[in-house]
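Biologist: I have a chain on my screen and some questions about how it folds. Can we go through it piece by piece?

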Amino acid sequence: MKLLPALFSLFLNGVSLSLAGNLTINSNAGLQVRDSSGALISGGAIRVGFLNLESPRDFITENASDFAQIDAYWTPLAEGSPNGGTVAQAGNTGQTLIVNDQFLEGDFFGQITNVASLPQGTKLFLWLLNDADPSEASEWAIVSSSDLSWSVPSAIGSTTLSTNDVDQIFRGSRVGNEIRLSPKESPSGFDAWAVASFNFAQLADGEADFSADPDGDGWTNATEYVFGTPPLVSSTPGARFGIEQSDEAEFSLVYRPLPGRSDVQISGETSSDLRGWSPANASEITPGTFAISLPSGNGTRAFARLKFSRP
Ligand SMILES: [Ca+2]
């Protein structure tokens, strides 16, 4: 009869252990980390965590240069929670995994003793940065492994994330036996406009794509960008796009892109039946204003259209 309290006690221990799975992060005998030029890094941070996306590959690839965007989807382990994580090596701070001195030789080692903040089995990523303050980093890499062991350990388990297992490099590159960080690049042109115009979820699910039309007004994001209209509010380009009469029987499709939109190529085509289309050169009739002459003639129907593309 005295077995019962013992079993009960075991059970309680099991429950308490579920809050304390262990995670080790280790590059020993695995890929080392270097900056984009192959040089050793004098300071940096290692973040361990989870990307709250179904398709992190596309998201990271397209938004790889914007810390805030990736960070918005990043659930870190051992950051910002008291006693949430410990780091085994000297030179690290308490709650955030900051690189230790070994990172100077391209290696790192750390441990987290509480991984309860994520569901067991969640796929884990390493985000390697070249600044101890992640938001200040100018270069980074995001890596993971197709090995199922790269996931939140079971209740009483422990997991080692070894760079030896890294075979998925979403950001950065592999050179020989090294992971090279990639420089952060500021988006420009259409990409910068998309970042400014859409929120994180919209960027991730394709609403910000070049040919998408998320407000359903018939104008793609490309045209909204070129003509300066809001991509999420149904609208028309107004004076920036339309048919104008230049002579009694002469009509032209006239368009006026916003200044600084030269990363989008615009080409014109004309047709008399909406079936066959012929290339039509635009002439710049006044600075910044372009015109495509429509086929003319008594009783002639004429159509013109613009195509938008990115080199
Ligand atoms: Ca639109």
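Modeller: One term before we start: two strands pair if DSSP finds at least two bridges between them. Keep in mind that this is a predicted model.

Biologist: Which residue stands opposite Glu178?
Modeller: Glu178 lies in strand β11. Strand β11 covers residues 178–180 and runs antiparallel to β10, joined by three bridges. The residue opposite Glu178 is Val175.

Biologist: In what order do the three strands of that open sheet come?
Modeller: β2 (32–34) and β10 (173–175) each have a single partner strand, so they stand at the edges. One side of each is left without a neighbour in the sheet. The pairing is mixed, and the order is β2-β11-β10.

Biologist: What is the average twist from one strand to the next there?
Modeller: The sheet in question is the open one, β2-β11-β10. From one strand to the next, its twist averages 35 degrees.

Biologist: How far apart in space are Glu178 and Val33, C-alpha to C-alpha?
Modeller: In sequence they are 145 residues apart. Yet Glu178 is in contact with Val33, and also with Leu31, Gln32, Arg34 and Gly106, leaving aside neighbours within four places in sequence. The C-alpha to C-alpha distance is 5.6 Å.

Biologist: Is Glu178 buried, exposed or partly exposed?
Modeller: Buried takes 20 or more other C-beta atoms within 10 Å, and exposed takes 12 or fewer. Glu178 has 17, so the class is partly exposed.

Biologist: Where do the buried residues of α2 sit on the helix?
Modeller: In α2, residues 56–63, the buried ones are Pro56, Phe59, Ile60 and Asn63. Seen down the axis, they fall within an arc of 95 degrees, so they line one face of the helix. An α-helix has 3.6 residues a turn, so residues three or four places apart point the same way. The buried residues of α2 therefore sit on one face.

Biologist: Which residues have the most contacts inside the largest nonpolar core?
Modeller: That core has 43 residues. Among the elements giving it two or more are β3 (45–51), α2 and β6 (125–129). It draws at least three residues from each of domain 1 (3–183) and domain 2 (187–311). The residues with the most contacts are Val48, Phe125, Leu126 and Leu128.

Biologist: Which residues does Phe125 touch?
Modeller: Phe125 is one of the residues with the most contacts in the largest core. Residues up to four places away in sequence are not counted. The list is Gly49, Phe50, Leu51, Ile142, Val143 and Ser144.

Biologist: Which residues stand opposite Gly268?
Modeller: Seven bridges join β15 (residues 265–271) to β19 (residues 303–309), and these run antiparallel. β15 also pairs with β16 (residues 278–280), again in the antiparallel sense, over three bridges. In β19 the residue opposite Gly268 is Leu306, and in β16 it is Ala280.

Biologist: What is phi of Leu274?
Modeller: β15 and β16 form a hairpin with six residues between them, and Leu274 is in the turn. Leu274 counts as exposed because there are 9 C-beta neighbours inside 10 Å. Most residues other than glycine have a negative phi. For Leu274 phi is positive, near 65 degrees.

Biologist: Finally, what share of the protein counts as buried?
Modeller: The protein has six helices and 19 strands. Of its 311 residues, the buried share is 30%.

Key: Residues are numbered from 1 along each chain as its sequence is written. This is a predicted model: local features need pLDDT of at least 70, side-chain atom pairs count only at pLDDT 80 or more; totals for chains, interfaces and linings use all residues. Helices (H or I, at least four residues) and strands (E, at least two) are DSSP runs, numbered from the N terminus. The arc is that of the directions from the helix axis to the C-beta atoms. Axes are lines fitted to C-alpha atoms, for helices over the stretch in contact, and angles run from 0 to 180 degrees between N-to-C directions. A nonpolar core is a set of buried Ala, Val, Leu, Ile, Met, Phe, Trp, Tyr and Cys residues joined through C-beta atoms within 7 Å. Domain bounds come from an automatic or database domain assignment. Two residues are in contact if their C-beta atoms, placed from the backbone, lie within 7 Å.
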